[in-house]
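Q: I would like to learn how to read a structure, one feature at a time. Please give the general idea and then the case here.

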Amino acid sequence: MKNLKLKSTFYHKIIFAISLLILLVVGVITIKHINSISASSKLLMHTYEVNLELEHLYSYIKDSENSIRGYLISRDTVYLKPYRDDIKQVNKSFELLQELTKDSPKQQKNLDFLYKIINTRNLYMSSYSNFNNNFDVTQNITFKKNFNESGLLLAAIRIKLNEMVTIEESFLKQRNFNYNSQIYLTPILTLSILFLTLLLLVFAYYQTTKDVEKLQAYNFKLNKSHFLSYQAEILSEFGTWDLNLNTNTIVCSDNLYRILGVAPQSFQASQKNFLKFIHPEDIPFVTRIFDKIVADENLPNSYFRIIKPDGAVRLVRSVGKLFVDQLGNRTILGVTSDITNERRKTELLEERNQELEQRIKELNEFNHVASHDLQEPLRKIQTFISRINEKEKENLSNFGIEYLSRIENAANRMRTLINDLLQYSRTSRPEKNLEITDLNEILNDSLTELSQNIENKKAIINHEILPTIEAIPFQMQQLFSNMLSNSLKYSKLTSTPVIDINYTEITAKNEPHLVEYGQKKYHKITFTDNGIGFNQEHADKIFLLFNRLHGKSEYNGTGVGLAICKKIAENHKGFIFADSKLDEGSTFTVFIPV
Amino acid sequence: MQHDYILITLADDDEDDRLFFTDAFDELKVNTVVNTFKNGLELMDFLNHSETVLPNIIFLDLNMPILNGIECLKEIKKNDKFKDIAIAIYSTSSSEQDIENTFVLGANIYIKKPSDFNELKKILADVVIINWQYHTNGLNKDNFLLRL
């Protein structure tokens, strides 16, 4: 985000520099063009002036010719005055022409030539004006020759003048062409450059708008996160602070003031002012912290106590890290949170934990008592019974034998109960780590263990090839043995017990019982029997400790076996379910995660 | 063996167990002499007495006051004088930890006290007569715990 902003600013600078440069170039070009155009029009004017003056010159010469002719015809001296004026005009016009054409050597040369002709002709003319009244122009041969000569000179003047006009016109043509080409080029160049500049400016405007939009979006986000952090600060009881290392000034968030128990921004944030809130015993520590922040440019987790104005002592934690901005300002950005409640909760939790550990210890002690001390007298009762059975049976009455047998049964049952209970409590503790366990081996061991029982019931046990899984081997053994002996125990007396053990690997979402576990994979092992079954409504109850569906006399059992199975499945993060129909048999399904 | 009878010593704080123990040997048709002690300390005093003829087998209960079975086992194994005496652990406990501990400390066999007198007789007969040689020679953890 930061880089992007920098880049666009850089673009803007370049675009504006280019635009400025182009405008400068356009300006210079325009000024140059205007200059050259005005020069062209000056030259144009000049040509016209020269041509006009040449025409003037010719007409003055002609006027003088007319005047002198008038005089010669009428001999009236009144014609001599305009003649002299015209000669003066001719001279004036000539001077003007000389001035106008001084930058053109060719025209000057032409003028020199013209000057000679005009002079020669003037000499003839002046001689005419000196004639007296009795001079007969028709008789005088010299006059006739001169007059003819001067007529020829006038024609020569005309030709020369025309030549000069042509030269000027050719100049004019050339200049006109230059002028036109400049006039033609200028608008195209100017327009195209202006268009380019306009394009650049539009692009720059577009970029700026885009950046502004982006900036607005960032600003919005910033506002949002600012709002959120403001809320978070209040909710989580923390405040933020900003210590500028260059200026040694501190800025604190509103909530930091609230943590201190005062109104937001109610005092100038400074080390001295903060120390007023610190618990007296912690002041040396906090002072050291302040020094350390400046020296290390870092603040590791630090805990100290504060005293609020209302006298409440709170425990706070402060932590800060160095932040260097684009301008090189070094600031420590930090968070200070009130952890009193958190600490209290932790302490409470620790207390509870200790209590729990104590309870577990007591339970273990109880287990020991059950396993050793309770069994000891029971064992003796049983041993004494066996002694009486062996040595004193013949001395007992039928009643005595009957009662002794009942005592023996009760004692045996007591032993089974204690053993089962012990097994259950041992199963509760998944202290052993999981091992790679081949369930086929486990099943074989269980079958061996129960071989006598299976043989007695003439049961048929079918099984598929089972997987090798990660499990606690002795618990798996227990699970298999319990499942099998349970099926054997609740078999029908009327038919041969058949137990099928099947295995598949399944995905949780495809199993009605496990839909909520989605894509997780499970080993599914089912134990299906054709025993007496039970009503499906008891399906959950049978896994509860000491829960029995049948009387003790019909089927002996303590109600612990299936509870152990459930515990084993749970120890493996698995599940066990029962599906059954009365008189048709039961299916127990065990799921163990893959 | 220098005697024509087997010298057997039992340390067990339980009077009933001592009674079962001596009764069982009485009923077994084996030539044995059985000494019993109420705790480990009495046993050790007896063993350390200079005039004592050392027994062939000592049966040790684990839970005893004053000096328990484990402590007795340690002391006996420490003393070279007793190196030829076989040690049988004779306890109600069948906890893995006790079995492991006593095996490591050098006991020769572990017997869980049975709850049937005939079983007791059978075990004691096995230990004293039939299986003894086997157990002392090929000692390993699998046949350490005597199951019947």
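Q: Which residue does the UniProt annotation "modified residue: 4-aspartylphosphate" cover?
A: UniProt positions are given in the numbering used here, feature names are shortened, and annotations may be inferred rather than shown by experiment. In this predicted model, the annotation, from an unreviewed entry, covers B:D61. Residues are numbered from 1 along each chain as its sequence is written, and chains are lettered from A and ligands numbered from 1 in the order in which they are written. Local features need pLDDT of at least 70, side-chain atom pairs count only at pLDDT 80 or more, totals for chains, interfaces and linings use all residues, and side-chain values use heavy atoms, with hydrogens and water left out.

Q: Where does B:D61 lie, and is B:D61 buried or exposed?
A: Helices (H or I, at least four residues) and strands (E, at least two) are DSSP runs, numbered from the N terminus. B:D61 sits in the loop between β3 (57–60) and α3 (69–78) of chain B. Buried means under 20% relative accessible area, exposed over 50%, and partly exposed in between (1.4 Å probe, protein chains only). With a relative accessible area of 2%, B:D61 is buried.

Q: Which residues does B:D61 touch?
A: Contact means heavy atoms within 4.5 Å. Leaving out residues up to four places away in sequence, B:D61 touches B:A11, B:D12, B:D13, B:G69, B:Y90, B:S91 and B:K113.

Q: In what order do the five strands of the open sheet in chain A stand?
A: Two strands pair if DSSP finds at least two bridges between them. The order is β2-β1-β5-β4-β3 in chain A, with antiparallel pairing. β2 (249–252) and β3 (299–307) of chain A are at the edges with a single partner strand each, so one side of each has no neighbour in the sheet. From one strand to the next, the twist averages 25°. Axes are lines fitted to C-alpha atoms, for helices over the stretch in contact, and angles run from 0 to 180 degrees between N-to-C directions. Helix α7 (residues 283–296) of chain A packs on the sheet and touches β1, β2, β3 and β5 of chain A; the direction of α7 makes about 150° with that of β3(A).

Q: How many bridges join β3(A) to β4 of chain A?
A: Seven bridges join β3(A) to β4 (residues 313–324), and the two run antiparallel. One of the partners in β4(A) is A:V316, which bridges to A:F304. The two strands form a hairpin with five residues between them, and A:G311 in the turn has a positive phi of about 95°.

Q: How many aromatic pairs does the structure hold?
A: Rings of Phe, Tyr and Trp (its six-membered ring) pair if their centres lie within 6.5 Å; planes under 30 degrees apart count as stacked, over 60 as edge-to-face and the rest as tilted. There are 21 aromatic pairs over all chains. Among them, A:F399 and A:Y403 are tilted, at 5.9 Å centre to centre and 35° between the planes. Both lie in helix α10 (residues 398–427) of chain A, four residues apart, about one turn of the helix. A:F399 is exposed, at 60% relative accessibility.
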